[in-house]
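Please find below my notes on the model you sent.

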Amino acid sequence: MSVWILVAAGAIGIPAATCVVLYRAAVATGRGRRAGAGIAVAAGAGFAAWIVVDSLLAHADVYRQDPATLRVWMPFALVGPLLVALLATRIPVMSRILADPGTPARLAVPQTLRVVGVVFFIVLALHKLPPVFALPAGLGDVAVGISAPFVARRLAAGGGRRGAVWFNALGILDLVVALGTGFLAALAPHRILAVRPSTEALGLLPLTLIPTAAVPVALALHVVSLRRLSVVARSIPVAARSVANLG
C-alpha cells in the first residue's frame, strides 16, 4: 500500500502541482483568477486524461517487459507526453505566462515531490528492483526533491541563478541515468546489465506510472526552467550595456 501511495503522490502530485504553478503564473502576469483557473483546468484535464489512459494501458500489460521481445511502448509513453508538454509551452498564452521572470522559481516547486523516489528503496528492500537502478534513481530523486524548495526560494529572492542551472541540469541527469539503467537492466533481448532482479517491476503497476506519468512532467519542468534561465542570462548583459550607454 505504501508503494501505491508514494507512486500516486509522484504521478498525480507533480502534474497537479504544475497546474497550480500555471495558475499562479497566469495571475502574476495580470490575466486574472478566472483565466488562470481556465489554464490550470485545461492543463489538469490533459494530465488526468493521460494518467487514466496510461493506467489502463499498464493494467493491460502493454508495458510489461518480455525476455524474448523488445517492447517499445514505454519509451513512446515517456517521449510522447514530454513532447506534448514542451509543444504546449509554445501556445501563445502559455508562452506569455512562462515568460514571466518568476517562472524558474515557480517551476522548481513541483520538483519537491521527487522525494517520492524513496519508493525505489522500498521496492529494493522487497527484492523487486536491482540496486544498480534503485540506489542512483532513489538517491537522485530524493536529492532533487530536498533541494527544490531552497532553489525556488533563492530564485524568488532574486539570486541563485547559477545554482538553479546546476539544479535543473543535475535533475535531468538523474532522470537520464535512471531511465538508462532501467532500460539496460530490463527483462528484454537488449539486456546488458544481467542483474537479479531485473527492472521488470518498472513495467508493472504501480511503478510504471513513474516513468510514463511523472518523469515526462519533471523533465519538461527542467527543460523549460533552463530555457527561461538562459533567456535571463542573455538579458543581463543587454541591460548592463543599456545602462552604460545611458551613462
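This is a predicted model: local features need pLDDT of at least 70, side-chain atom pairs count only at pLDDT 80 or more; totals for chains, interfaces and linings use all residues.

1. Helix α2 covers residues 13-28, 16 residues in total. From first C-alpha to last α2 reaches 22 Å, close to the 22 Å expected at 1.5 Å a residue. Buried residues in α2 include Gly 13, Ile 14, Pro 15, Ala 17, Thr 18 and Cys 19; Val 21, Leu 22, Ala 25 and Ala 26 are buried as well.

2. Helix α3 (residues 32-59) packs against α2 at about 155 degrees, the two axes lying 8 Å apart. Because angles over 145 degrees count as roughly antiparallel, α2 is roughly antiparallel to α3. The crossing is right-handed.

3. On the α2 side, this contact uses Pro 15, Thr 18, Cys 19, Leu 22, Tyr 23, Ala 26 and Val 27. Among the α3 residues taking part are Gly 32, Arg 33, Gly 36, Ala 40, Gly 44 and Phe 47. By class, the contact of α2 with α3 has 11 nonpolar, 4 polar and 1 charged residues.

4. The second pair is α7 (residues 118-125) with α8 (residues 131-156): their axes come within 7 Å and cross at roughly 155 degrees. That angle makes α7 roughly antiparallel to α8. Here the crossing is left-handed.

5. From α7, Val 118, Phe 120, Phe 121 and Leu 124 meet α8 residues including Pro 131, Phe 133, Leu 135, Gly 138, Asp 141 and Val 142. The contact of α7 with α8 divides into 11 nonpolar, 1 polar and 1 charged residues.

Methods. Residues are numbered from 1 along each chain as its sequence is written. Side-chain values use heavy atoms; hydrogens and water are left out. Axes are lines fitted to C-alpha atoms, for helices over the stretch in contact, and angles run from 0 to 180 degrees between N-to-C directions. Helices (H or I, at least four residues) and strands (E, at least two) are DSSP runs, numbered from the N terminus. Angles under 35 degrees count as roughly parallel, over 145 as roughly antiparallel, 65 to 115 as roughly perpendicular and the rest as oblique. A crossing is left-handed if the near helix is turned anticlockwise from the far one by less than a right angle, and right-handed if clockwise. Contact means heavy atoms within 4.5 Å. Ala, Val, Leu, Ile, Met, Phe, Trp, Tyr, Cys and Pro count as nonpolar, Asp, Glu, Lys and Arg as charged, and the others, Gly among them, as polar. The expected span of a helix is 1.5 Å times one less than its number of residues. Buried means under 20% relative accessible area, exposed over 50%, partly exposed in between (1.4 Å probe, protein chains only).
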